[in-house]
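Have a look around, then read on.

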Amino acid sequence: MKKNNENGFLLAEAIVVGVFVLSLFTFLFVNVIPLVGQYESLEKYDTIDGVYNTNIIRTMLMEDDNMAKVLPTGGTYYTAFTPETLCDTLDRRNYCMKLLDSEYLNVKFVYLTSYRTNSFKAQIETLKDEIMRGDNDYFDRASYDYIQSLDGFSQPSGTTYANYHRVIVYYNNGEFANLEIKA
Amino acid sequence: MKRDNRGFTVIELILSFIFVFTLAFSMYQLLFSYRTRQNTESIRSQMLDYRDQVTLAIQNDIVEKNLKSIESCYIGGNVVNRCIVLNFNDNTKKKLSVEDGTVTYDGNDYDIKYIKYDNIIYQSPDAILLEFGNGYIYHETQEADEIENDITIYRISIPIYHNDLSGNYGINIVAPAYNYTQGGTSGSSKPVEPAATKTADGTKYAGSVTEIQNVNAKSQLSVIARVKFDNSNFSSNQHFFGNWAMGGFGLSLKNQKACFGTYLSTGNQNNLSYKEICSDALSADTFYTIVGVFDKASNKILIYVNGASKELAIPANSQIVDSDLKLAIGGNIGRIKNTNYFYGTISHAIVCNANVSSKVSSCFNNKVDTNCYESNVDEYKKKCIVDVDLIKK
């Protein structure tokens, strides 16, 4: 006669259940934590202060012949500036430096791109590895995420592409904002 | 028949209990932290709404009316720095203050503070738990002379803290103020422009603009102006004839040189570029015939000053990008803050859909000959789409 199995739980069963429960928790953790992070990031996108401050920079860029000096040319879909490199380009350097300084607008980077952002986003995507390694001088993970989150933006009716562009400002407090710009 | 005698042993029961208890405890912690977070987020959201509401009211006025200056005011009590007055360019004033009040909550009276702007009270739903920074309203001024002589930067900040939150949820507004000393074209801040005065040798401009008509030219183009610059403003850069604004073309004085600039495109939106060619240095109080040429045939732009030319190569297949603005004499109406007004006299302003450079230049081979210039330009009249005679007859 065959002997009954009286071992109760098998060790193997306990391990299988343990692994299953652990996997469940790991799955939840891995998927929920980034969502929380993403929510916190989104809070810094196009805030009211960020948009109004970007409007001040936009106004400054639309003065004099500034736009012609800062727009991307020749197959490049963006220009990127630190406060220093931007202000060195503009006529009103003193004003620009003071305005972008930490005491006032506290700007980290300024990007200029065409009105529609699809080409810009594609070009930044090609730099993804470099950006994620922290090897890029003008873009980091935060700016990469913001740029990729941008809408593609369609052309306003009755306008020409050539006259419309987009200014994106990355602030030192982690906020981002963008506005269309037309001189 | 085979019997299954498997079942819980005491050890297994204890282990199972510990496992379930741990799981439940973890879930409780998770739910508890989630609930705490939800409460915090709710308060934070209220704080951000409050901040945005006040910021929006102030910023709307700043953007619409343009800030002229900020001054302190006093609303009584021992605390200073709790009231400022914003002066706008349309000569209106609005008061921003942090004031005291009392609210009753659960039968108890509480002293609260609230923001008042333009006589409207902005009170947070969580007013009891708000703390305003000492001094309440800070405003800083970066004096114009330390930056540029016609711009002042103001900063308004009202630090606000919530007892249950960390960080500052206050108002923080930066606003540059443009001091319109010699004209401007933006919104309600636009001052009354002095009229241009016609004289026997041309129309004298000093901080004014005359709009003419829309001109869109994509192929051959000549922009002609006979012009004299005042000595008093000769060191300032000046726009005297054109319609630039991310499109168009124009003649200007830059670093005491005559320049012809135009926005070009090869048809691709991303290839928009501004190209400019400048002459040698000029002198003040002397009439010059200045011709800017966009020569599509040879892929060049050129500037002629009394016949002497300079040129700049441009990309093949370039065309002038259309401007939304009217052609203007005396300044560039595309500028937000027009500090580039023309100070001087202009006798002729002409735009031709042709390259008139050879004819115009021939008049100045040996000397400045106004009659030659005028008669030769006349030959091209049929191709000239703008021809403004600014001499008082």
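A crossing is called left-handed if the near helix is turned anticlockwise from the far one by less than a right angle, and right-handed if it is turned clockwise. Keep that in mind for a spot where two chains of this predicted model meet: helix α2(A) passes helix α1(B) in a left-handed crossing.

Who does the touching there? On the α2(A) side it's A:Ile48, A:Asp49, A:Tyr52 and A:Asn55, and on the α1(B) side it's B:Asp52, B:Thr55, B:Leu56, B:Gln59 and B:Val63. Sorted by class, this contact has 4 nonpolar, 3 polar and 2 charged residues.

Now for chain B as a whole, in brief:

| Chain B feature | Value |
|---|---|
| Helices | 3 helices |
| Strands | 25 strands |
| Buried share | 37% of 393 residues |
| Contacts joining residues at least 24 apart, among those at least 6 apart in sequence | 61% of contacts |

And the core? The largest nonpolar core has 120 residues, and those with the most contacts inside it are A:Leu99, A:Val169, B:Ala225 and B:Phe240. Zoom in on B:Ala225: leaving out residues up to four places away in sequence, B:Ala225 touches B:Phe240, B:Phe241, B:Leu251, B:Ile290, B:Ile346, B:His348 and B:Ala349.

How values were computed: Residues numbered from 1 in each chain as written. Chains lettered and ligands numbered in written order. Predicted model: local features only at pLDDT ≥ 70, side-chain atom pairs only at ≥ 80, totals over all residues. Helix = DSSP H or I, 4+ residues; strand = E, 2+ residues; numbered from the N terminus. Contact = placed C-beta atoms within 7 Å. Nonpolar A, V, L, I, M, F, W, Y, C, P; charged D, E, K, R; others polar. Core = buried A, V, L, I, M, F, W, Y, C linked by C-beta atoms within 7 Å. Buried ≥ 20, exposed ≤ 12 C-beta atoms within 10 Å, placed from the backbone.
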